[in-house]
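The sequence and structure come next, followed by short notes under headings.

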Amino acid sequence: MKNTCSCRKKGCGGCPLLALPYPEQLAKKQKDVENLLGKFGPVQPILGMEDPWHYRNKAVSTFCAGPGRSLQSGIYAQGTHRVIPVEECLLHNPALDEAIAAVRTAAAACRYEPFNEDRRTGLIRHVLVRHSRATGQILVCLVTAQTALPGSKAFVTKLRQLCPSVSTVVQNINPRHSSAVLGSAEKLLYGKGYIEDTLCGVKFRLSAASFYQVNPVQTERLYQTAIEAAGLDGSQSVLDAYCGVGTIGLASAAKAKSVLGVELNRSAVNCAIQNAKANGITNARFLCADATSAIQRMAQQGERMDVVFLDPPRAGSTPEFLQAVCQLAPERVVYISCNSETQRRDLEYLTARGWKASFIQPVDLFPHTEHVETVVLLTRS
Ligand code: SAH
């Protein structure tokens with residue numbers, strides 16, 4: 001494994017830790033987690049990647065005009081509308097960069113003009129690509145400023161000639177003055193509009209707008225760690241709070257009596273229901289609700305839950321949610337977090353009320369960035 005790698009694209013801001021050799025990055029993250037969570041119990045050695053390069057399964061590239069009006073694409077320089085052309089990224093799966101290059105060639109052949117953010121002229125804004133590790137399929141989503149995409153059939157034909165693993169192509173229309181990549185309208189240009197990937201033995205459908213972890217290798221290790229910590233033997237009822245498209249709940253369903261997933265975002269809940277069906281999982285239900293209101297209702301009604309998984313956004317959970325966890329009194333709580341500071345705050349609350357952190361495991365999902373995920377198992381002391 002190479003430990004360091006220099007990237008010539010200065011200023012994109014995507015890899016703030018790139019200058020540190022990977023083992024030092026891991027040591028830094030281990031120390032960060034120990035500083036914040038070490039008071040609750042011993043912190044296991046961080047699970048790093050064997051090969052920390054090219055791990056991302058999703059990429060977004062923004063179009064711009066190059067010399068001689070050539071079509072280029074890349075990443076915004078931090079905090080600006082200036083695009084730094086990028087042809088290869090150390091974090092992308094190489095299949096993504098090949099697909100993006102094919103999109104550029106096909107778009108140039110169709111004479112599609114890059115959108116200019118400041119002057120608001122041109123047609124194509126970004127391309128979003130996703131890769132399935134399980135099937136090798138690629139989804140291409142071309143984001144345009146207007147609905148009309150002249151010669152879209154020729155574009156798709158050319159693109160598929162250049163990159164046959166592209167199995168579906170969609171056009172997303174984003175006319176807004178906004179830093180969000182995707183708009184709300186989508187048109188199917190080729191294929192099914194989604195690709196399929198497998199995580200922990202469960203198939204997931206990925207569309208352009210799907211929520212999905214970007215590092216499949218480490219996500220699998222994260223979920224396996226969390227599910228192992230839950231100690232499931234087929235007899236437990238499981239709550240998967242902040243469940244997204246149902247990944248953790250569905251991956252644990254085979255080892256649980258029942259699973260209830262709770263998620264605020266309606267389209268993620270719909271995906272979770274669809275994912276359960278597509279995998280023939282019949283013991284999982286999903287509820288579109290605020291996790292705090294849902295768990296408070298369960299506690300008031302005296303429902304039983306043996307295991308609670310919670311994987312909240314960066315802001316962490318709420319005192320009301322944690323209070324309801326205490327009332328529900330499950331055997332185990334497995335807290336997965338991408339922000340050790342809010343996790344520390346929430347652990348203070350639970351440990352002051354008789355819970356004990358019996359296992360703390362950091363997992364590196366985002367090499368070369370500052371981020372770290374941590375799984376904490378809580379049991380009642
Ligand atoms: N467990 C999932 C998603 C974790 S991200 C996975 O591993 O992929 C956190 C999720 O919490 C997001 O899907 C977000 O939409 C959801 N969320 C945010 N606030 C929420 C709330 N108040 N109640 C329920 N879900 C919420």
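## The start of helix α6

N265 caps the N-terminal end of α6, with a side-chain oxygen 3.0 Å from the backbone nitrogen of S267. Such a polar contact is a pair of N or O atoms within 3.5 Å; within protein, one must be able to donate a hydrogen and the other to accept it, and residues adjacent in sequence count only if both atoms are side-chain atoms.

The model is predicted: local features need pLDDT of at least 70, side-chain atom pairs count only at pLDDT 80 or more, and totals for chains, interfaces and linings use all residues. Residues are numbered from 1 along each chain as its sequence is written, and side-chain values use heavy atoms, with hydrogens and water left out.

Helices here are DSSP runs of H or I with at least four residues, strands are runs of E with at least two, and both are numbered from the N terminus. Helix α6 covers residues 266-278, and its 13 residues reach 18 Å from the first C-alpha to the last, close to the 18 Å expected at 1.5 Å a residue. The expected span is 1.5 Å times one less than the number of residues. After α6 comes G280, with a positive phi near 65 degrees.

## The ligand

Around the ligand are 14 residues, of which Y223, E263, D290, A291 and D311 come nearest; a residue counts if one of its heavy atoms lies within 4 Å.

The side chain of E263 places an N or O atom 2.6 Å from a ligand oxygen. A ligand nitrogen atom lies 3.2 Å from a backbone N or O atom of L264, and a polar side-chain atom of D290 is 2.7 Å from a nitrogen atom of the ligand. Taken alone the ligand exposes 570 Å², and the protein buries 78% of that (Shrake-Rupley method, 1.4 Å probe).

## Helix α1

In α1, the residues Y22, Q25, L26, K29, Q30, V33 and L37 are buried. Seen down the axis, they fall within an arc of 135 degrees, so they line one face of the helix.

The face turned away from the buried side of α1 carries K31 and N35, which are exposed (over 50%). Among the elements covering the buried residues of α1 are α9 (340-351), β15 (355-363) and β16 (373-380).

Note on methods: Buried means under 20% relative accessible area, exposed over 50%, partly exposed in between (1.4 Å probe, protein chains only). The arc is that of the directions from the helix axis to the C-beta atoms. Contact means heavy atoms within 4.5 Å.
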